[in-house]
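Open the model in your viewer and keep the sequence panel beside it. Each stop below says what to select and what to look for there.

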Amino acid sequence: MVVVLDFHKILKVPYLKLFNLCLTKIPKIWKVALVKPLHKSGSKLDPVNYRPISNLCSLEKVYEKLILKSLSNFSDGLHQHGFKPNHSTTTAMLTLQEIISTKLDEKKHVVVYSLDLSAAFDMLRVDIFANMFKDIFLAGSYRQSLIF
């Protein structure tokens, strides 16, 4: 991580090329975590007294943050709560409650529709999504804004 931070200006172009290649296929090594046990308290002989610590590839962490930053440019919606600092399901529900209360105070009808997409990505055609993702992020000057 020291190299990534200290030499980011020199390595900007190679990082950009690497990250743009990763839009279509993330290196397998980036998906592997080195898991080590960390002792919490109590007897060191009892496995219950340990918790796992996962160490991921530093470049993968940088890549994830850049993608998250890039995606947040697309989700500047007023009621967007996912992947935003200081936002959660609680703030989403409070916002929904406020909207419903306001509409009811205005004597308007309110309809709420809830959709669970937790398993939606199980049915996603990764090849099609990867090509769309690549087209979006590699188009024009946006490519240059991906890095730092």
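Does N49 count as buried or exposed? N49 has a relative accessibility of 17%, and because the cut-off for buried is under 20%, N49 counts as buried. Keep in mind from here on that this is a predicted model.

**Stop 1: around N49**

With N49 still selected, find the two strands on either side of its loop. N49 sits in the loop between strand 1, residues 34–39, and strand 2, residues 50–55. Now display the residues that touch N49. Apart from neighbours within four places in sequence, its contacts are L38, H39, K40, S41, G42 and S43.

**Stop 2: the whole chain**

Clear the selection and switch to a cartoon view. The protein chain contains five helices and two strands. Follow the cartoon from the N terminus, and the elements come in the order α-α-β-β-α-α-α.

Next, show the surface. The accessible surface of the protein chain is about 12000 Å², and carbon and sulfur atoms account for 64% of that surface. How much of the protein chain do buried residues make up? Of the 148 residues, 16% are buried. Turn to contacts within the chain: among those between residues at least 6 apart in sequence, 48% link residues at least 24 apart.

**Stop 3: colour by confidence**

Colour the chain by pLDDT. The average over the protein chain is 75, and 72% of the residues score at least 70. Which element has the highest mean pLDDT, and which the lowest? Helix 4, residues 89–105, has the highest mean at 90, while helix 5, residues 126–138, has the lowest at 64. Now select residues 140–148, where the pLDDT is below 50. Beyond near neighbours in sequence, this stretch has 24 contacts in the model. Where pLDDT is low, the predicted coordinates should not be read in detail.

**Stop 4**

Select K31, which lies in the loop between helix 2 (12–22) and strand 1. K31 has a relative accessible area of 62%. The cut-off for exposed is over 50%, so K31 counts as exposed. K31 and L56 are 25 residues apart along the chain, and their C-alpha atoms are separated by 7.6 Å.

**Stop 5: helix 4**

Select helix 4 and look along its length. Helix 4 has 17 residues and spans 24 Å from its first C-alpha to its last. That is close to the 24 Å expected at 1.5 Å a residue.

A side-chain oxygen of S88 comes to within 3.2 Å of the backbone nitrogen of T90.

**Stop 6: the salt bridges**

How many salt bridges does a search of the whole structure find? The search finds two. To see them, show the side chains of K103, E106 and K108. Salt bridges with shared partners join K103, E106 and K108 into one network.

K103 is partly exposed at 33%, E106 is partly exposed at 40%, and K108 is partly exposed at 45%.

**Stop 7: V112**

For the last stop, select V112 in the loop between helix 4 and helix 5. At 49% relative accessibility, V112 counts as partly exposed. Which residues does V112 contact, leaving aside neighbours within four places in sequence? V112 is in contact with L96 and I100. Draw a line from V112 to I100: the two are 12 residues apart in sequence, and their C-alpha atoms are 8.8 Å apart in space.

Methods
Residues numbered from 1 in each chain as written. Predicted model: local features only at pLDDT ≥ 70, side-chain atom pairs only at ≥ 80, totals over all residues. Heavy atoms only, no water. pLDDT = per-residue confidence, 0-100. Helix = DSSP H or I, 4+ residues; strand = E, 2+ residues; numbered from the N terminus. Contact = heavy atoms within 4.5 Å. Buried < 20%, exposed > 50% of the residue type's maximum accessible area, 1.4 Å probe, protein only. Expected span 1.5 Å × (residues − 1). Polar contact = N/O pair within 3.5 Å; in protein donor to acceptor, adjacent residues only side chain to side chain. Salt bridge = Lys/Arg side-chain N within 4 Å of Asp/Glu carboxyl O. Areas by Shrake-Rupley, 256 points an atom, 1.4 Å probe, with all protein chains shown as cover.
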